[in-house]
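Subject: the model you asked about

Hi,

Have a look at it first, then read on.

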Amino acid sequence: MDSLQMMFRFSAGSCCLALALGFLSPCLAQDAPPKRGDANSDNRIDIADPIFLLSYIFSGGKAPACRPAANANGDTHLDISDAITVLNYLFVNPAPLPPL
């Protein structure tokens with residue numbers, strides 16, 4: 001951590017500035033640690049996550065704020081298989097998703 005980063009104090013209003021200056025990744029700027037499969041960054045894994053991801057992939061919807069969390073299967077690509085992985089987790093096999 002350089003001296004500028006050490007001098008910078010993070011508060012509710014400074015988080016966006018820290019992102020703009022490149023001190024934080026969008027994943028770290030969230031209130032809670034990101035969870036694999038949480039594409040919409042609402043700190044829950046539910047049906048809204050694959051819907052959000054499919055909207056981004058196929059309809060030009062809003063991009064996930066935290067791409068590693070949206071990448072549910074952990075293969076480094078955001079694609080339909082990530083939405084299928086979350087659906088499988090929710091409705092078929094609730095085995096843990098890969099760690100971030």
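Which residue forms a salt bridge with D42, and how far apart are the closest N and O atoms? The partner is R44, and the closest N and O atoms are 3.3 Å apart. A salt bridge here is a side-chain nitrogen of Lys or Arg within 4 Å of a carboxyl oxygen of Asp or Glu.

Before the rest, some housekeeping. This is a predicted model, so local features need pLDDT of at least 70 and side-chain atom pairs count only at pLDDT 80 or more, while totals for chains, interfaces and linings use all residues. Residues are numbered from 1 along each chain as its sequence is written, and side-chain values use heavy atoms, with hydrogens and water left out.

**Overall layout**

The protein chain has five helices and zero strands, giving the pattern α-α-α-α-α when read along the sequence. Helices (H or I, at least four residues) and strands (E, at least two) are DSSP runs, numbered from the N terminus. Of the 100 residues, 25% count as buried. Buried means under 20% relative accessible area, exposed over 50%, and partly exposed in between (1.4 Å probe, protein chains only).

The chain exposes about 6,300 Å², with carbon and sulfur atoms supplying 63% of that; accessible areas come from the Shrake-Rupley method with a 1.4 Å probe, and for residues only the protein chains shown count as cover. Among contacts with a separation of 6 or more, 43% are between residues 24 or more positions apart. Contact means heavy atoms within 4.5 Å.

Salt bridges that share partners join D42, R44 and D46 into one network. The count for the model comes to two salt bridges. D42 is partly exposed because its relative accessibility is 25%, and D46 is partly exposed because its value is 21%.

**The loop between α2 and α3**

This loop runs between α2 (15–21) and α3 (48–59), and D38 sits in it. D38 counts as buried, because its relative accessibility is 1%. Leaving out residues up to four places away in sequence, D38 touches N43, R44, I45, D49 and A69.

**Positive phi angles**

Most residues other than glycine have a negative phi. N43 has a positive phi of about 65 degrees although it is not a glycine. T76 is not a glycine either, and has a positive phi of about 75 degrees. T76 is found in the loop between α4 and α5 and is exposed, with a relative accessible area of 66%.

N71 is in the loop between α4 (67–70) and α5 (80–91). Is N71 buried or exposed? It is buried, because its relative accessible area is 7%. The N71 side chain reaches the backbone nitrogen of D75 at 3.5 Å, which is a polar contact (a pair of N or O atoms within 3.5 Å; within protein, one must be able to donate a hydrogen and the other to accept it, and residues adjacent in sequence count only if both atoms are side-chain atoms). Setting aside neighbours within four places in sequence, N71 is in contact with R36, T76, H77, L78 and D82.

D82 lies in helix α5. D82 is buried yet has no salt bridge, and the nearest side chain of opposite charge, R36, is 6.8 Å away. For charge, Lys and Arg count as positive and Asp and Glu as negative, with His and the chain ends not counted. Beyond four places in sequence, D82 touches residues including L53, A70 and N71.

Cheers
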